[in-house]
Amino acid sequence: LGVSVVRGIVYAESDDMFAYAINARSGQLIWRTSPVGNHLMGNPLVSGRYVYISAGGVGFNFANVMAFARTGRAVRGMNVSYNGIYALDRRNGRLLWHVDSIGEAMPTPAIHGSVLYFATGSGTVHAVDRKTGHPLWTRRLGGNDNMSSPAYSQGRLYVAMASPPRVYCLDGKSGKVLWNGTIPDAANTGMGDVSPAVGDGVVVM
């Protein structure tokens with residue numbers, strides 16, 4: 001959870017379910033908005049006229065707890081409150097579009113070109129048009145993404161999941177899984193809380 005600063009304006013998400021735009025020099029509030037009644041825990045992603053914020057609940061309802069007891073699997077944030085990605089007008093905070101997700105969508109999305117990528121607590125990765133929210137592809141990986149933000153590099157998307165702990169490399173255009181792996185003795189939930197860093201052909205977790 002952090003802030004983004006673009007052209008002298010600080011954009012922030014908050015657990016009070018509001019997003020903020022603040023003048024970086026004076027501290028004056030420019031706008032404050034709450035597009036959904038849920039936690040906002042990512043870093044606002046600012047691109048062009050858009051501010052993208054990610055919403056999701058951190059918990060599991062009773063039905064999810066019982067499902068985990070039966071199957072060892074559960075969707076983080078499912079049926080707790082509304083989850084998804086919300087695109088705001090950076091000038092006034094007005095909601096432009098949103099995309100719902102089954103599980104929480106708290107990690108900060110990634111953008112490459114006209115595509116916005118995000119991962120959720122249902123273990124699913126989505127690619128949507130960043131201007132309209134129109135879905136381009138969806139890939140179900142399994143597990144759940146707690147707070148691991150996707151990383152894009154040279155046509156590939158990298159994302160980590162928890163329960164079980166794995167990192168995945170996907171084709172950025174199609175969502176096809178190119179490879180996946182884990183770290184020996186990784187904590188069951190650990191990798192889903194850590195964002196991959198990619199450079200010079202190396203993925204660091």
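**View A. The largest nonpolar core has 13 residues.** Inside this core, the residues with the most contacts are Tyr 11, Ala 19, Trp 31, Leu 40, Val 51, Ile 53 and Leu 88. A nonpolar core here is a set of buried Ala, Val, Leu, Ile, Met, Phe, Trp, Tyr and Cys residues joined through side-chain atoms within 4.5 Å. Buried is under 20% relative accessible area, exposed is over 50%, and partly exposed is in between (1.4 Å probe, protein chains only). Strand 2, strand 3, strand 6 (50-55) and strand 7 (84-89) are the elements that give two or more residues to this core. A second, separate core of 12 residues includes Ala 119, Trp 137, Val 159 and Tyr 168.

This is a predicted model, where local features need pLDDT of at least 70 and side-chain atom pairs count only at pLDDT 80 or more, while totals for chains, interfaces and linings use all residues. Residues are numbered from 1 along each chain as its sequence is written, and side-chain values use heavy atoms, with hydrogens and water left out.

**View B. Four antiparallel strands make an open sheet in the order 1-2-3-4.** Strands are DSSP runs (E, at least two residues) numbered from the N terminus, and two of them pair if DSSP finds at least two bridges between them. Strand 1 (3-6) and strand 4 (29-33) sit at the edges with a single partner strand each, so one side of each has no neighbour in the sheet. On average, neighbouring strands of this sheet are turned by 15° against each other, direction ignored; the axes are lines fitted to C-alpha atoms.

**View C. Strand 2 (residues 9-13) pairs with strand 3 (residues 19-23) in the antiparallel sense.** Five bridges hold the pairing, and Glu 13 stands opposite Ala 19 in strand 3. In the loop between these two strands lies Met 17, with a positive phi of about 75° although it is not a glycine. Met 17 counts as partly exposed because its relative accessibility is 30%.

**View D. Strand 3 and strand 4 form a hairpin with five residues between them.** The two run antiparallel, joined by four bridges, and Ala 21 stands opposite Trp 31 in strand 4. Gly 27 in the turn has a positive phi of about 80°.

**View E. Arg 7 lies in the loop between strand 1 and strand 2.** Not a glycine, Arg 7 still has a positive phi of about 50°. Arg 7 counts as exposed, because its relative accessibility is 78%.

Methods: Axes are lines fitted to C-alpha atoms, for helices over the stretch in contact, and angles run from 0 to 180 degrees between N-to-C directions.
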